[in-house]
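Please keep the sequence and the structure in view while reading.

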Amino acid sequence: MQSWPSARVPELPGRGPELRLYDTSDRQVRPVAAGTGPGSAATMYVCGITPYDATHLGHAATYLAFDLIHRQWLDLGHDVHYVQNVTDVDDPLFERADRDGVDWRELGDGQVALFREDMAALRVLPPREYVGATEAISEVVELVEKLLASGAAYVFDDDCPDVYYRADATPQFGYESGYDRETMLRLFAERGGDPGRAGKADPLDALLWRAARPGEPSWPSPFGAGRPGWHIECAAIALSRIGSGLDIQGGGSDLIFPHHEFTAAHAECVRAERRFARHYVHAGMIGWDGHKMSKSRGNLVLVSALRAEGVEPAAIRLGLLSGHYRADRYWSRQVLDEAIARLRRWRQATALQAAPDATDVVARLRQYLADDLNTPKALAALDGWATDALEYGGGDAAAPALVSAAVDALLGVEL
């Protein structure tokens, strides 16, 4: 699947501290040991969209968080192997296509194209590999075969041969989320699972392969025609494109369970590994009008709609970066207005012929971002420099260009 074009990333003088991030499974901020696996590239797998609707600000905030990680790694000199999937075959896609009277492939292709446009406009660096689930069917089939052969999976019913993964196939299952069984069952039901399906070995067992149903797309396999389950898709793509030693598995916090827990378990089961990823990183949710932004509520703020209104993508980006990536937070007109004013002020400061020395502010920008992507502090440091430049001036002719390059390279905002 085609990715989107990459923005140029300026190279900065010097080097910042190594990145430290909150790890969901360890419940603490700790160093990211990137670039220690095969080939020494820093590796990251981030779950992509199910393309049945346009990119909203919740999507944008998630991908901006991992774009910051990408940019910090580049600034540290790492080669970055970043993989992102597209769940281009799934029930929500079929349901929306049926509702709108269009082919599900046509709907998916159109929404993926719009997502690419939004990501390019927001200057999100593209993944090295952008992979649709339909492009990874053979890898999914191979992985399901291995899980069946090991006894970690079973065929549910001869008449409807869905294949399920045993939730107890790995002794460490549950370590990523840390949730108790009651919470798992509740979230499993809310987020695409089927704990109430009678006849499963355990209500928490997760679908690996959905046997062919009338009117649904399907692909052949040794265990019957069908299509991938949600979690196995990501496990198969990550293992086939990156392999063992994944540095970061990431996505929104709503993916912690069941999606990321099962994705990790599938991979750990076939690789006999304790951890799928060295670091599990999750971004907070974006709300509007007092509620989480979601398609089901119909309270989405779309990136494409804001762009159509003439809002500059750099301002959208700054508005989302004004809150910490892990925090659940709300978008509002005030957030956008403050971002627009901040962008204008930074541009005025970096347009000066000379300004205060920028060495310290660039060092602090690197320091704050290395400390669990602390964008509120990073933005405040730049605000302080801009205020000094505009109100008091300075004698360093190189400072405006250095700050402009640092904001571009590290925050992805072009001044």
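## The open sheet

Two strands are taken to pair if DSSP finds at least two bridges between them. In this predicted model, five strands form an open sheet in the order 5-4-3-10-11, and their pairing is parallel. Strand 5 (129-132) and strand 11 (277-283) stand at the edges with a single partner strand each, so one side of each is left without a neighbour in the sheet. From one strand to the next, the twist averages 20 degrees.

Strand 10 (residues 246-252) pairs with strand 11 in the parallel sense over six bridges, and Ile 248 stands opposite His 279 in strand 11. Helix 7 (residues 256-271) packs on the sheet, where it touches both strand 10 and strand 11, and the direction of helix 7 makes about 155 degrees with that of strand 10.

## The nonpolar cores

The largest nonpolar core has 75 residues, and those with the most contacts inside it are Leu 57, Ile 69, Trp 73, Trp 331, Trp 385 and Leu 411. Helix 1 (residues 57-75) supplies the largest share of this core, namely 10 residues. Because domain 1 (20-283) and domain 2 (303-411) both give residues to this core, it lies between them. Apart from it lies another core, of 45 residues, which includes Leu 208, Ala 235, Ile 237 and Ala 267.

## Contacts of Leu 411

Leaving aside residues up to four places away in sequence, Leu 411 touches Leu 68, Arg 71, Arg 317, Leu 321, Trp 346, Leu 365, Leu 369, Leu 379, Leu 382 and Ala 406.

Definitions and conventions:
Residues numbered from 1 in each chain as written. Predicted model: local features only at pLDDT ≥ 70, side-chain atom pairs only at ≥ 80, totals over all residues. Heavy atoms only, no water. Core = buried A, V, L, I, M, F, W, Y, C linked by side-chain atoms within 4.5 Å. Buried < 20%, exposed > 50% of the residue type's maximum accessible area, 1.4 Å probe, protein only. Helix = DSSP H or I, 4+ residues; strand = E, 2+ residues; numbered from the N terminus. Domains from an automatic or database assignment. Contact = heavy atoms within 4.5 Å. Axes fitted to C-alpha atoms, helices over the stretch in contact; angles between N-to-C directions.
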